[in-house]
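Here is a friendly walk through a few features of the structure shown below.

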Amino acid sequence: MKVLVKSGRVIDPANAIDEKLDILIVDGKIAELAPNIGAGEADVISAAGMLVTPGLIDMHVHLRDPGLEYKEDIITGTRAAAAGGVTSLACMPNTSPVNDNLAVTRYIISKAGEQGSANVFPIGCISKGMKGEILAEMGELKEGGCVGFSDDGLPVKDGEMMRRALEYAGTFGAPIISHAEDLSLVAGGAMNEGPVSTELGLKGIPNVAEDAMTARDIMLAELTGTHLHVAHVSTRGSVELVRQAKTRGVHVTCEATPHHFTLTDDAVRGYNTNAKMNPPLRSQDDVDAVCAGLADGTIDAIATDHAPHHIDEKNVEFAIAMNGIVGLETLLPLTLKLVGNKVLSLQQAIALISCQPARILGIDRGTLSVGAVADITLINPNKEWLVEAEKLQSKSKNSPFIGQTMRGCAMKTLLAGKEVYSR
Amino acid sequence: MIFNPKHILGIKELSAAELTFILDTAESFKEINNRDIKKVPTLRGKTIINLFFEASTRTRTSFEIAGKRLSADTVNISASSSSVVKGETLEDTAKNIEAMHPDIIVMRHSASGACHYLSERLSCSVVNAGDGMHEHPSQALLDAFTIRQHKGRIDGLTVAIVGDITHSRVVRSNIYCLSKLGATVRIAGPGTMLPPGLESLGCEVFNNLADAIRDADCVMMLRIQRERQGAPLIPSVREYARYFGLNDNNLKLAKDDAIVMHPGPINRGVEMSSAVVDGPRNVILDQVENGVAVRMALLYLVAGGEKLQQD
């Protein structure tokens, strides 16, 4: 089985490639990259005028399966991924039951393998039941396919527990992904603390709620030597803490979401529950700091924190609405917008959603090297399209970008050489 | 001027001219409240539902009397007797009420933005009787009305507001209302009760009572809302009273003819000494009295105003 992707502009940041090349795929693997490869008996996909990149990677997704399938499931979630050009994703363990045992890990992997449209790499829980009390069986979970550990959605409150989690995860060479939030400082807040929360009369969440926990976790990473990955950094303070830690040589990486580098807490005005997420949308100063962190390499990955919620969970008073938005299908245009705004080079932008998250998770994806699995995304960077709720592949429609025009989208998504999405 | 807003959700959205028009309209209703027969047929045939998800005596009664004196049929629904306890959503509750064709829903709710939420989902008018920590427009209007009654104007006055600013919807509406009408608004409270970015609403912020009330024309004290405080914001009521309570002594800092206001209910001995509460400067009962006239004006204007009289 041969496929030839012809005449595209190949962007492969891991190999510093940016040129017009053909890619020959044989039996789901990349066999050759060269100008003008003869078609032979291969099926030809024309990529003229398009970018050809490694299949995109989103390292922070909530698939809601098992247990919360009314929001999303592995089939619809990976379909949304494919439509967004994402071929690999890491799914967070706060399902029902949570992914703190091998049975759940195996269920996710087998259902994704049989019915999914993307590679699914589970993240296991740090603690049993995500209660922050007893370590989950990380060794067995890692062996079963988990690529990292997190109690995402909840911070590990107890300092010693986090220390032991880092030490233990280090034994198995897995990163700990920190949802850095000091709940005592959140104190029931519903949005970013600042002039907008004062005006709207909503309880604010101060930046320090994130900064204080990021600082603690970085220091614990320094103590233990284990790889710490800080999820969804949203504040100037967190970006700066990670920057300083990297300078000191601490093994720390971090990610930022498209909404945190695109929107400010202004989006909450009108009590828009699709602008409610955790961490909350912050100030323009924080957005600028996140962009600067992406530009100078402090931030290693762009991840969506794709968090589907049923309309009934959003169509309520702001204070009681669920946190989170769907993001898989708007990841690419919002990332490319940073290229348009001259925050990132195209190589940087693609690296942040391919080889860099792959490196963090230790998965053999995110490049177009010869011999690699042929996960490939064909991108039209200039195509304009309207985000419409009914056209989203995700089961949930909780996006603040609905009704907005995006620029850039995946035209074809190949998973091991097989087309899983075409526009 | 013709001003018939569909909803009254907050003061922020209203212009100085619109605020003045509401106050002038209230002026014409005030006289009705002193008649022997306190009723005019203006809103006959209209149905007003007072939908209160939070306990309230003053505001609910005031709206109810306002509606009745305009001959509207008023119905009160309070949260304890509603379907909220059965788990119904706010939207479903409101839609069920709307199916009975009210003309106006007057709502109080503990969630900021709840009236905004309702106005986007219902076809009848919504009047905000207090939403969370957001706005309480009828209170700000009756405060402005009372100040105007005693001072003859609002433009150029200095009004000090002292208390738990963070949790107060009254203060937000008052800052907008008074500053739009030309007053200088000074705010004071302990640091734990001053939200960030308060200045951007249109006021000066102080962390002590003396600087805020010095030479003020009007001093407005807010209730220390013990029931709202989940977090430790003040060490004790005793210490609060010592540094932020109004008494005969510190009241001397304000102008000699300064008036003292309070949205009620008062904690005597906490935000105000009993001597001040019972003293000659306070206009608190005028506020309550004027509340009826202001709410009559709001219901009248929302229901159709000028157009209504021509029919």
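## A helix crossing in chain B

In this predicted model, α2(B) and α11(B) cross in a right-handed way. Helix α2 covers residues 58-69 of chain B and helix α11 covers residues 284-303 of chain B; their axes come within 8 Å and cross at roughly 55°. The two helices are therefore oblique to each other.

Which residues of α2(B) and α11(B) meet? From α2(B) come Arg58(B), Ser62(B), Phe63(B), Ile65(B), Ala66(B), Gly67(B) and Arg69(B), and they face Val288(B), Gly291(B), Val292(B), Arg295(B), Met296(B) and Leu299(B) of α11(B). Sorted by class, this contact has seven nonpolar, three polar and three charged residues.

## Where chain B touches chain A

Moving on to the two chains, 22 residues of chain B are in contact with 16 residues of chain A. On the chain B side, α3 (90-98), α4 (114-121) and α6 (169-180) each supply at least two residues. Of the elements there, α4(B) gives the most, with three residues. The chain B side as a whole divides into ten nonpolar, nine polar and three charged residues.

## A sheet in chain A

Chain A holds an open sheet of four strands in the order β9-β12-β13-β14, with parallel pairing. Its edge strands are β9 (176-178) and β14 (301-302), each of which pairs on one side only.

Let's zoom in on one pair: β9(A) and β12(A), the latter spanning residues 228-230, pair in the parallel sense over three bridges. Here Ser178(A) has Val230(A) of β12(A) as its bridge partner.

Methods: Residues are numbered from 1 along each chain as its sequence is written. Chains are lettered from A and ligands numbered from 1 in the order in which they are written. This is a predicted model: local features need pLDDT of at least 70, side-chain atom pairs count only at pLDDT 80 or more; totals for chains, interfaces and linings use all residues. Axes are lines fitted to C-alpha atoms, for helices over the stretch in contact, and angles run from 0 to 180 degrees between N-to-C directions. Angles under 35 degrees count as roughly parallel, over 145 as roughly antiparallel, 65 to 115 as roughly perpendicular and the rest as oblique. A crossing is left-handed if the near helix is turned anticlockwise from the far one by less than a right angle, and right-handed if clockwise. Two residues are in contact if their C-beta atoms, placed from the backbone, lie within 7 Å. Ala, Val, Leu, Ile, Met, Phe, Trp, Tyr, Cys and Pro count as nonpolar, Asp, Glu, Lys and Arg as charged, and the others, Gly among them, as polar. Two strands pair if DSSP finds at least two bridges between them.
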